[in-house]
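Welcome! Take a moment to turn the model around before reading on.

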Amino acid sequence: MKNRSELRDVIMKVIYQVNIYAEAKIEYDVNSLIKEQLEVENEFVNTCVFGIIEHKNEIYDLADKYLNNWNMKRLNKVDQAILALGIYELKYTDTPSIVAINEALELSKIYSDEAVTKMINGVLDKVYHEEEK
């Protein structure tokens with residue numbers, strides 16, 4: 001059984017794949033993408049993946065609001081997925097804010113560079129402090 005941090009890694013990878021396939025106009029089944037990453041169905045993963053997909057426009061608009069001279073579409077797909085997960089957890093789940101931000105930063109430390117990690121931290125901090133849950 002994977003812990004929550006490992007499950008967030010799975011969520012990020014699935015959202016990354018969804019973004020790649022959608023941009024390339026390749027048909028995909030979200031449940032199949034999840035099953036490729038996770039052998040046992042998990043409610044947290046399903047809720048987050050489908051929630052991020054459902055709220056993508058609101059999540060991206062919120063990120064764009066706090067990305068100085070940038071927007072989500074300019075970020076690479078991995079960074080988009082990490083930031084989308086962080087914002088989703090802040091806005092749409094009961095995950096404690098500090099946990100949601102820290103988990104996104106830990107993913108960013110693995111998959112991104114230091115500058116992107118700082119940017120993600122700044123955006124999530126602004127979402128936490130300036131947006132109502």
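What percentage of the 133 residues in the chain is buried? Buried residues make up 48% of them, where buried means under 20% relative accessible area with a 1.4 Å probe, protein chains only. Please keep in mind that this is a predicted model, in which local features need pLDDT of at least 70 and side-chain atom pairs count only at pLDDT 80 or more, while totals for chains, interfaces and linings use all residues. Residues are numbered from 1 along each chain as its sequence is written, and side-chain values use heavy atoms, with hydrogens and water left out.

The chain has seven helices and zero strands; helices are DSSP runs of H or I with at least four residues, and strands are E runs of at least two, numbered from the N terminus. Of the contacts with a separation of 6 or more, 67% join residues 24 or more positions apart, a contact being heavy atoms within 4.5 Å.

Now meet helix H6, which covers residues 97–111 and reaches 21 Å from its first C-alpha to its last. Its buried residues include Ala100, Ile101, Leu105 and Leu107. Among what covers the buried residues of H6 are these helices:

| Helix | Residues |
|---|---|
| H1 | 4–23 |
| H5 | 77–92 |
| H7 | 114–130 |

As for overall dimensions, the C-alpha atoms fill a box of roughly 35 × 30 × 25 Å along the principal axes. Finally, the mean positions of the 16 positive and 24 negative charges are 3 Å apart; Lys and Arg count as positive, Asp and Glu as negative, and His and the chain ends are not counted. Each charge is placed at NZ of Lys, CZ of Arg, CG of Asp or CD of Glu.

Methods: Buried means under 20% relative accessible area, exposed over 50%, partly exposed in between (1.4 Å probe, protein chains only). The expected span of a helix is 1.5 Å times one less than its number of residues.
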